[in-house]
Amino acid sequence: MSCKSRDEVLELAKSKLDELIKLTSDLIKIPSENPIGSQRDVIDFVKNYLSEAGIPCEEVGCNPDFPCVVAKIGKDEGFSVILNGHVDVVPAGDRAQWEFEPFSGEITDKCILGRGTSDMKAGVAGVLFAMKILAESGAELNGNIRLHIVSDEESGGQFGTKWLCANGYADNADACLVAEPTGHNTIEIGQKGRVDLVLKSYGKSAHGSLAGFKGENAILKLIKVLENINMLREIEGCYKESQAQALINSKLIADQKNGAGTGDVIDHVSANVGMIKGGTRPNMVPDYCEVTVDLRLPIGVGAKEIEDCVKKVIEKSGVTGVEYELDFQTFGNYTEIDAPIVEAIKKHAEALWKDEVLPAYQWASSDARDYRVKDIPTIQYGPSNTVGIHSYNETVDIEDVKNAGQIYLLSLCDLMGIAD
Ligand SMILES: [Zn+2]
C-alpha cells in the first residue's frame with residue numbers, strides 16, 4: 001500500500017489504533033524493572049517490532065545490560081527529528097499494594113493497566129506506532145525521523161540518552177520529542193537544573209558527659225547553618241521576554257497540581273535538606289557532621305549566584321569550621337515556545353482534544369536536557385495518568401494513548417512536509 005497525503009496517512013493510522021493499544025499492553029507484559037530486572041527481553045521486542053515493520057534498526061550502547069535501539073527512516077538531508085523513549089520501568093515494589101497484577105498488561109474498557117503504562121511504555125508505543133505508520137504509508141519524507149529507544153532512564157541514565165548524545169547519535173538533529181508522561185494538555189519545553197550542596201562541619205571531640213563545657217559539637221554547628229538554608233530559596237530565575245507566557249503557564253500548572261502558591265517553585269531555587277550524617281557514639285561530642293542539600297535551579301540561575309548565597313548562609317549562621325562543596329549536574333534549560341516542534345504538537349493536540357494545551361517548564365528535570373545542551377529544540381509530551389507513576393496501580397487511558405499516537409503522527413507530517 002502506498003499513500004501520499006496526510007489524510008491518507010491519518011486514515012491508515014486510524015484503522016490500526018487497536019494495534020497501538022495491543023502494542024502498549026505487550027510492552028507492559030515484559031517486566032523491565034530498573035534496578036533489578038533485565039532489559040534484554042524488552043529491547044529484543046522493540047527490535048523485532050521495527051524489523052517486522054520493515055524499519056532497519058541497530059542495537060547500540062556501552063552496557064550490554066542496558067542497550068539502546070536506534071533506527072531511522074527518510075533521507076539524509078532535510079529536517080531531522082528524534083523520537084525518544086525509555087523502556088525501563090521503576091520496580092513494582094510491594095505487590096500487596098497493587099489492585100491488579102503489575103505486569104498483566106490488562107486492557108479494560110477505559111484503561112491499560114500495569115507498571116510502566118504511563119511512565120512510559122504508552123509513549124514508547126506511540127512513537128513506534130507513528131514511525132511504523134509513516135514507513136508503511138510510503139509517504140515521502142522531506143527529511144528524516146530518528147528513533148532513540150533507551151533502557152536506562154530510571155536509575156541514573158548514563159547508559160541511555162546521555163550515552164547516545166555523547167556518542168554522536170543526536171548530532172545535527174533539528175528537533176526532539178521525548179514521549180515522557182505529561183498529560184494531554186501540557187507540553188514541557190524547559191526544566192530546572194540541579195546541584196548537590198554538601199555542607200561539612202568540623203568540631204572537637206570530648207566526653208559526652210562534659211558536653212557544653214568541653215569539645216565543639218559539629219552537629220549543632222550545622223543545625224545553625226541549616227536554619228538559614230531558606231535564603232537559597234529566595235534566588236529567582238531570569239527569563240527573556242519571549243519566555244513570559246511559558247512562565248505564566250508553568251506557575252498555573254504547578255499551582256493546580258501541587259496546591260495554590262506552589263507555582264513559585266518554578267522560578268525560585270528549591271532546597272531540600274535530604275541527608276544528614278554525623279557523630280560516632282551518643283557519649284561522644286561529635287567532631288564531624290555532613291549534610292546534603294538537593295538544590296534545583298530555575299532557568300537563568302548560574303553557579304556564581306548559588307556559591308555567593310551559600311557563603312552568605314554560612315556567614316549569617318556565625319559559626320566557624322563549616323565547609324561546602326557544590327556538585328553542579330545541570331543548569332536550567334529550555335526550548336523556545338515558537339520552535340516548530342512545539343507549535344506542531346500544540347496545534348494537533350488542541351485540535352484532537354478540543355482543549356487548550358500549554359507549553360510550560362517542569363519543576364523537576366529529565367533526559368530532555370541532554371538534547372537541549374546540544375541546542376536541539378526538545379519537548380516532552382506523552383500520555384499519562386499521574387496517580388500511579390513511581391507508585392502503585394499505574395494505568396493509562398486508552399483514549400489518551402490513541403490520541404497521542406495521532407498527535408505524534410500529524411506533527412511528524414508537519415515537520416516532514418507531508419501535505420494535506
Ligand atoms: Zn519516565
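The site of the zinc ion is irregular, with angles of 51 to 147° among its four donor atoms. Four donors count as tetrahedral if all angles lie between 85 and 135 degrees; four count as square planar and six as octahedral if opposite donors are over 155 degrees apart and all others between 65 and 115; anything else is irregular. Donors are N, O and S atoms within 2.8 Å of the metal (3.2 Å for Na, K and Ca); water is not among the atoms, so sites may look incomplete.

This is a predicted model: local features need pLDDT of at least 70, side-chain atom pairs count only at pLDDT 80 or more, and totals for chains, interfaces and linings use all residues. Residues are numbered from 1 along each chain as its sequence is written, and side-chain values use heavy atoms, with hydrogens and water left out.

H86 (NE2), D119 (OD), E180 (OE) and E180 (OE) coordinate the zinc ion at 1.9 to 2.8 Å. Along the chain, the donors follow the spacing H-x32-D-x60-E. D119 sits in helix α4 (residues 117-137), and E180 in the loop between β6 (175-178) and β7 (186-191), 61 residues apart. Helices (H or I, at least four residues) and strands (E, at least two) are DSSP runs, numbered from the N terminus.

Two strands pair if DSSP finds at least two bridges between them.

| Strands | Sense | Bridges | Partners |
|---|---|---|---|
| β6 and β14 (residues 378-380) | parallel | three | L177 and I379 |
| β8 (residues 193-202) and β11 | antiparallel | eight | V198 and E325 |

Four strands form an open, antiparallel sheet in the order β9-β10-β8-β11. β9 (270-278) and β11 (322-330) stand at the edges with a single partner each, so one side of each is left without a neighbour in the sheet.

The domain assignment, automatic or from a database, gives domain 1 (6-191 + 332-415) and domain 2 (193-330). Their centres, taken over C-alpha atoms, are 35 Å apart. Contact (heavy atoms within 4.5 Å) involves 18 residues of domain 1 and 21 residues of domain 2.
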